[in-house]
Amino acid sequence: MDALAGLLEGPRARGAFMIRACFEPPWSIRIEDRAPLTVMVMVRGEAWVLPDQGERMRLRPGDLAIARGPDPYTCADAPGTEPQALILPGAECSYPDGRSLNGSMDLGVRTWGDRPDGSAVMLIGTYLWEGEISGRLLKALPPLLSLTSDVWDCPLTPYLMDEIVRDEPGQEVVLDRLLDLLVIAALRAWFSRPQAEAPAWYAALADPVVGRVLRLVQDDPALPWTVASLAAKAGVSRAALARRFTELVGEPPMTYLTEWRMALAADALRDTDDTLDAIARRVGYGSAFALSSAFKRVYGVSPQEHRGRVPS
């Protein structure tokens with residue numbers, strides 16, 4: 001599994017959705033859904049993204065913003081506009097006084113707002129739950145980031161505008177994949193900036209030796225990897241791999257492998273009903289007992305206890 005693709009596997013399994021938001025000023029929406037990742041693309045008009053703490057952000061046509069939860073924020077036509085609706089956990093919507101919106105802002109297929117021909121149109125994609133794999137990258141993001149149209153030109157936007165209002169068989173799958181592509185393209189652009197502070201393991205993917213080892217581990221964690229076997233695949237000595245890997249990633253190869261396997265197991269426990277034996281084999285452990293021992297060392301709880309903490 002590629003690292004950026006892994007970012008989205010867990011959240012998608014627990015729910016992701018896309019809408020087209022259409023508004024006519026004055027408008028303001030307060031977002032308190034605690035979603036781990038929300039991406040916003042300004043298609044027409046302008047909007048402000050206003051976090052409770054931190055710098056406010058103005059979006060113009062073609063600009064993209066990503067909000068990393070759980071901190072709340074407000075989207076509005078202007079900073080001083082009072083919120084007219086609240087977005088709550090589980091994609092529930094209400095008026096500021098607590099009354100349910102009861103679908104009163106539904107404008108059609110995946111379209112939401114106060115008027116379908118509003119002067120402000122925004123595409124919004126949200127992942128509702130965070131996984132262990134996704135958390136490894138999300139923690140490297142600021143609470144709010146933006147890519148302006150002068151440095152970000154995404155060809156997916158017109159296609160998304162066409163697809164989001166369709167109601168055909170398999171449409172949710174199409175939109176899920178398009179949302180994944182949008183987020184991956186945006187994060188690649190974000191981390192490729194000269195001033196970017198990418199996670200050490202992400203930056204190390206560009207290294208010809210360490211990058212190859214990281215991909216081997218991520219793509220096939222079930223294999224009985226050792227430093228010697230990884231070094232042989234990378235064409236270097238064990239000592240050279242251990243030294244270079246630790247220098248670039250910040251931890252030894254086997255430590256990284258264990259953490260990757262445990263993160264995969266943790267997400268599988270929450271996202272599937274697979275047995276512990278099946279999950280153990282999938283992530284490179286010979287038995288449920290071996291996985292349980294390693295899992296408790298890393299997370300401090302047993303796999304069964306972790307599975308019992310699945311959010312509703």
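This is a predicted model: local features need pLDDT of at least 70, side-chain atom pairs count only at pLDDT 80 or more; totals for chains, interfaces and linings use all residues.
Arg110 is buried, at a relative accessible area of 15%. Arg110 sits in the loop between E10 and E11. Although Arg110 is not a glycine, its phi is positive, about 50 degrees.

There is a second residue of this kind. Arg34 is not a glycine either, and has a positive phi of about 60 degrees. Its place is in the loop between E2 and E3. Is Arg34 buried or exposed? Arg34 is exposed, with 55% relative accessible area. As background, most residues other than glycine have a negative phi, and most peptide bonds are trans.

One joins Pro25 and Pro26, with omega about -5 degrees. Pro26 lies in the loop between E1 and E2. Another cis bond links Gly69 to Pro70, and there omega is about 10 degrees. Pro70 belongs to the loop between strand E6, residues 64-67, and E7.

The largest pocket holds about 370 Å³ of space. Which residues are closest to its centre? Of the 24 residues in the lining, they are Phe17, Ile19, Ile87, Trp112 and Ile124. Several strands give two or more residues to this lining, among them E2 (28-31), E3 (37-44), E7 (73-76) and E12 (120-127). Strands E10 (106-108) and E11 (111-113) are also on that list. You will recall that Arg110 is in the loop between those two strands. The largest share of the lining, five residues, comes from E1. By residue type, the lining has 17 nonpolar, four polar and three charged residues.

Now to Arg30, which is found in strand E2. Like Arg110, it has a relative accessible area of 15%, and Arg30 is therefore counted as buried, the limit being under 20%. What do the polar contacts of the Arg30 side chain include? One, of 2.9 Å, goes to the side chain of Glu32. Another, of 2.7 Å, goes to the side chain of Asp52. Setting aside neighbours within four places in sequence, Arg30 is in contact with Asp52, Pro72, Tyr73, Thr74, Pro83, Ala85, Leu86 and Ile87.

On to the cysteines. How many disulfides are found in the whole structure? The search gives zero. Cys22 is in no disulfide, and the nearest cysteine sulfur, in Cys75, is 14 Å away. For Cys75, the closest cysteine sulfur is that of Cys93, at 13 Å, which is too far for a bond. The cut-off here is 2.5 Å between the two sulfur atoms. Both Cys22 and Cys75 are buried: Cys22 has a relative accessible area of 0%, and Cys75 one of 6%.

Last, a residue from further along the chain. Where is Thr226? Thr226 lies in the loop between helix H6, residues 210-219, and helix H7, residues 227-234. With a relative accessibility of 38%, Thr226 counts as partly exposed. Thr226 and Ala140 are 86 residues apart along the chain, and their C-alpha atoms are separated by 28 Å.

Methods:
Residues are numbered from 1 along each chain as its sequence is written. Side-chain values use heavy atoms; hydrogens and water are left out. Buried means under 20% relative accessible area, exposed over 50%, partly exposed in between (1.4 Å probe, protein chains only). On a 1 Å grid over the protein atoms alone, a cavity is a set of points where a 1.4 Å probe fits but cannot get out, and a pocket is an open set with protein on both sides within 12 Å along at least five of seven lines; lining residues have an atom within 4 Å of a point. Grid points are joined across faces, edges and corners, and a volume is the space filled by probe spheres set on the points. Helices (H or I, at least four residues) and strands (E, at least two) are DSSP runs, numbered from the N terminus. Ala, Val, Leu, Ile, Met, Phe, Trp, Tyr, Cys and Pro count as nonpolar, Asp, Glu, Lys and Arg as charged, and the others, Gly among them, as polar. A polar contact is a pair of N or O atoms within 3.5 Å; within protein, one must be able to donate a hydrogen and the other to accept it, and residues adjacent in sequence count only if both atoms are side-chain atoms. Contact means heavy atoms within 4.5 Å.
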